[in-house]
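I opened my notebook to look up a few things in one structure. The entries follow in the order in which I made them.

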Protein chains: 2
Amino acid sequence: MSGPRPVQSDGDTGNGLAKDISSHEKPVRRGASIGSNLATLLVVGFSLALIFNSEYDPLLACIGFSALAYVITATLIPILGPDFVRVGFFGRDLGKKDRPIIPETMGAVCAVVYLVTMFFFIPFLFYKFFVTETSGSGNREHVLDTATLHKGRSLRMFPHSKLAEFLAALLSSFSMLVLGVADDLFDIRWRNKLLLPAIAVLPLIFVYYVDFGVTSVVVPPFIWKLLNPGMMLTSAVPPIVDLGVFYYLYMLAMAIFCPNAINILAGINGLEAGQSLVIAIFLLINDAMYIVPGRILGLHPPHPATEAHLLSTYFVLPLVGVTAALLKYNWYPARVFVGDTYCYFAGMVFAQVCILGHFAKTLLLFLIPQVVNFIYSAPQLFKLVDCPRHRLPKLNTETGLLEPSRVYFDVPPKGAQLLLLTTLGNLKLLDLELDPETRVVRSSSNFTVINLLLTWTGPLREDRLALLILAIQTGCCAVGLVARHTIAPAVFGRDNL
Amino acid sequence: MSGPRPVQSDGDTGNGLAKDISSHEKPVRRGASIGSNLATLLVVGFSLALIFNSEYDPLLACIGFSALAYVITATLIPILGPDFVRVGFFGRDLGKKDRPIIPETMGAVCAVVYLVTMFFFIPFLFYKFFVTETSGSGNREHVLDTATLHKGRSLRMFPHSKLAEFLAALLSSFSMLVLGVADDLFDIRWRNKLLLPAIAVLPLIFVYYVDFGVTSVVVPPFIWKLLNPGMMLTSAVPPIVDLGVFYYLYMLAMAIFCPNAINILAGINGLEAGQSLVIAIFLLINDAMYIVPGRILGLHPPHPATEAHLLSTYFVLPLVGVTAALLKYNWYPARVFVGDTYCYFAGMVFAQVCILGHFAKTLLLFLIPQVVNFIYSAPQLFKLVDCPRHRLPKLNTETGLLEPSRVYFDVPPKGAQLLLLTTLGNLKLLDLELDPETRVVRSSSNFTVINLLLTWTGPLREDRLALLILAIQTGCCAVGLVARHTIAPAVFGRDNL
């Protein structure tokens with residue numbers, strides 16, 4: 001499913017490119033102006049102030065840690081860039097005239113900063129439980145009996161299940177970091193790596209099974225009536241269908257889909273980090289719609305899903321921090337590449353919050369561009385149509401603009417392939433090149449949404465193309481968010497907010 | 001603290017060694033004889049039978065998973081070896097005449113197999129709790145109310161705290177895998193990486209704080225009486241001292257020490273994996289002394305620490321599996337190197353079981369060779385004496401035997417340095433070379449236990465040297481184990497077993 005990662009150099013790693021690097025590599029900017037340093041100091045000060053004054057509100061600490069994660073990532077990326085190139089993590093930017101070699105796999109820096117941030121965040125997340133437990137017992141007993149020594153104390157109110165959820169989610173993210181780095185290093189064949197995210201998410205699924213075990217989904221009443229003929233829907237009998245074991249398969253599918261979906265809508269500067277940033281921000285807005293009215297404004301009792309959406313916020317906010325820092329260096333003209341590592345990691349964070357928060361359908365609404373791109377790419381991913389190694393748009397070196405890349409047919413397409421090509425061509429969903437005399441299909445644009453957009457708009461500069469796709473992503477997310485909170489309650493017969 | 005890793009090529013990674021590799025690389029054996037295949041099949045069948053018939057006993061499942069981990073690791077290492085070399089994970093074996101290039105960082109394979117094994121083991125570890133919970137409620141309700149949907153069910157008996165401990169320990173191991181790979185790739189300076197294991201172990205320390213919070217250690221009564229003048233020791237007042245926050249610092253120190261200690265007693269074929277295997281086996285024997293009498297033989301009520309030692313077994317047994325497989329390929333003449341990754345990973349597994357099991361002192365008894373090597377190395381690690389890049393024994397190409405490597409003094413040693421050198425020299429703890437006329441110290445053997453042994457025994461072949469060190473390790477562990485269960489109870493005034 002994860003198709004060719006276009007911007008990476010194939011098999012160049014560590015073989016004879018040393019000279020090439022030294023002549024092409026633009027040193028990543030190490031220093032920064034005084035103004036920027038001052039801003040950084042202000043952000044760090046603000047973050048630390050928030051963190052250490054947040055005692056009872058993990059949300060404040062989380063905002064502080066996320067800002068800190070931004071600063072640290074933005075500091076580390078330019079420092080580590082040359083080291084990454086030195087050990088073989090680099091790729092050629094094929095979208096530029098001189099095809100410069102720049103550091104690859106910078107998503108690993110993001111992921112490590114994210115995870116370390118989370119390690120430090122854990123005590124703040126659970127701080128209030130310690131205060132509750134220990135207040136009033138100021139003098140600790142210095143003498144413990146043997147049983148306590150071996151079995152330990154028990155904080156009765158402490159939400160061990162929440163802690164287990166949190167740790168399981170971090171384990172899943174960590175697994176994706178390892179898988180991503182392995183993929184960037186070894187270029188694992190997609191049939192070998194397709195199922196690996198399902199292994200990465202196992203601890204999380206287990207924790208879900210233990211803590212929630214909810215395998216039911218809300219369906220529109222008319223579907224429920226089809227499945228339960230003769231039964232009446234009442235307020236005590238909501239339109240719920242128990243998927244049983246299929247619910248777990250559905251979650252495994254989400255864990256496989258999210259990382260790979262981001263990884264195939266990729267290949268131009270700023271796109272992977274940009275789309276993830278947009279999705280993450282909309283997840284935060286969605287979370288806020290549950291958290292703000294009840295918990296912060298106190299308008300009505302908190303929504304039952306408030307805790308789940310708070311947890312989602314704690315995972316997504318630091319991702320926004322590290323992603324924003326990455327985007328700063330990955331935006332056109334890119335000084336670093338994000339690598340499969342970043343796509344896998346960000347995708348897994350999305351998958352894990354929707355699994356823990358039980359809102360997979362909402363996430364799918366935000367991933368409409370990725371879903372469309374996946375369906376549109378399917379003919380090439382599943383080899384119905386030839387799939388060249390690189391499918392990213394082609395640079396016209398004269399104009400400096402990107403044009404759709406094409407797949408050329410040595411053997412004229414026939415049968416189902418021809419039918420598919422001509423149908424899509426007639427629907428303007430493909431740019432076909434026909435032989436002027438024989439009307440035989442010679443070539444077609446590659447099956448990616450990026451190329452499709454270029455066939456509609458004409459050649460575009462790389463940053464404008466990225467902006468266009470991010471605008472579409474934002475539009476889809478906005479429509480999805482509105483649909484989630486207006487159409488969905490109407491269709492599902494009740495207001496979920 | 002982690003000194004030079006001697007067998008690795010310095011900065012060769014990915015620069016112009018391609019030709020060298022192709023001429024030197026001995027292809028790792030891919031196939032295996034029919035007998036070996038049959039044995040493998042038998043082990044796999046036995047493992048699966050154990051795992052799927054273990055329903056109520058995680059220990060049986062753990063044995064099955066560990067055997068499976070051995071088979072998978074032993075299969076993957078030869079398959080992945082050439083890929084590791086291709087992407088730059090290789091080193092020269094300086095202990096051989098032709099200095100062959102062989103795959104490095106194979107500990108990463110062990111760590112990944114270990115962690116995936118653990119992921120699959122989790123449901124078996126907690127299986128009995130599901131049976132307890134769900135028996136008697138055969139027909140699951142298909143209709144759930146909104147509150148259940150959002151808050152989830154609650155398995156009242158489920159030990160969420162145990163699950164959190166398990167997940168936190170896996171997170172720490174995963175962090176060390178990432179740190180190890182980063183170190184093998186980037187060759188991080190030791191002052192930068194020294195404190196990183198302390199970050200890796202943070203989730204575990206947090207879980208310890210939440211679940212146990214025991215910061216007391218048992219001390220010998222005479223020390224206790226010194227600290228508590230005027231108080232009497234009774235059976236209700238055991239000789240316990242509360243270390244408070246220092247207990248956490250002590251655990252952080254263990255987390256830093258264990259990975260690095262294994263990493264500096266290193267450099268000859270089979271040593272890193274071999275010593276880890278010996279330590280792991282003695283940890284299992286120590287665990288068995290708590291588990292077997294009470295729980296398996298039913299001789300008396302189970303020891304209060306039984307659960308802690310069962311948990312330790314669940315972590316150490318799979319480590320034995322993957323380590324045995326690694327040792328098979330790393331033993332003289334090595335076909336792969338283990339890398340810093342392995343040392344860090346194995347060391348962290350040791351640290352995490354002693355933290356969770358509250359038996360840091362026992363582990364330190366098993367780590368006596370590492371402690372001695374660390375103390376003996378200190379003058380070079382802390383630059384009191386010059387520390388050359390490579391301190392591993394030197395191959396005498398004529399005899400094929402290893403001899404102590406030496407540090408040469410361009411400036412004649414003076415003052416404290418001279419005093420240290422001559423004192424150690426007089427104690428036969430160093431091999432000094434003096435100028436025959438001026439009696440000035442020209443050179444000395446390097447400050448590692450490995451070199452020290454060679455100055456005592458004379459030149460040895462690499463495998464005999466490794467065997468000698470492993471024999472010493474085994475002896476130290478055996479003495480430590482006996483001391484733990486005979487002398488310690490006498491000194492501490494009670495029988496801990």
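**Entry 1: chain A as a whole.** I counted the secondary structure of chain A and got 21 helices and nine strands. Helices (H or I, at least four residues) and strands (E, at least two) are DSSP runs, numbered from the N terminus. The model is predicted, so I noted its limits: local features need pLDDT of at least 70, side-chain atom pairs count only at pLDDT 80 or more, and totals for chains, interfaces and linings use all residues. Residues are numbered from 1 along each chain as its sequence is written, chains are lettered from A and ligands numbered from 1 in the order in which they are written, and side-chain values use heavy atoms, with hydrogens and water left out.

Next I looked up burial. Chain A has 497 residues, and 57% of them count as buried. Buried means under 20% relative accessible area, exposed over 50%, and partly exposed in between (1.4 Å probe, protein chains only).

**Entry 2: the core.** Which residues touch the most other members of the largest nonpolar core? I found F121(A), F315(A), F121(B) and F315(B), out of 231 residues. A nonpolar core is a set of buried Ala, Val, Leu, Ile, Met, Phe, Trp, Tyr and Cys residues joined through side-chain atoms within 4.5 Å. In soluble globular proteins, nonpolar side chains tend to be buried together. I then listed partners of F315(B), not counting residues up to four places away in sequence; among them are Y114(B), F166(B), V349(B) and L356(B).

**Entry 3: aromatic rings.** Rings of Phe, Tyr and Trp (its six-membered ring) pair if their centres lie within 6.5 Å; planes under 30 degrees apart count as stacked, over 60 as edge-to-face and the rest as tilted. By this rule I have 45 aromatic pairs over all chains. One of them is Y247(A) with Y248(A), edge-to-face, at 6.3 Å centre to centre and 85° between the planes. Both Y247(A) and Y248(A) are buried.

Another edge-to-face pair is F257(B) with F374(B), at 5.9 Å centre to centre and 80° between the planes. This pair links distant parts of the chain: F257(B) is in helix 12 (residues 245-264) of chain B and F374(B) in helix 17 (residues 368-381), 117 residues apart. F257(B) is buried because its relative accessible area is 11%, and F374(B) is buried because its value is 18%.

**Entry 4: two buried residues.** L470(B) is in helix 20 (residues 462-485) of chain B. Is L470(B) buried or exposed? I found it buried, with a relative accessible area of 11%. Its C-alpha atom is 7.5 Å from that of V278(B), 192 residues apart along the chain.

N286(A) sits in helix 13 (residues 271-296) of chain A. N286(A) is buried, with a relative accessible area of 0%. Leaving aside neighbours within four places in sequence, the contacts of N286(A) include H309(A), F366(A) and R484(A).

Notes: Contact = heavy atoms within 4.5 Å.
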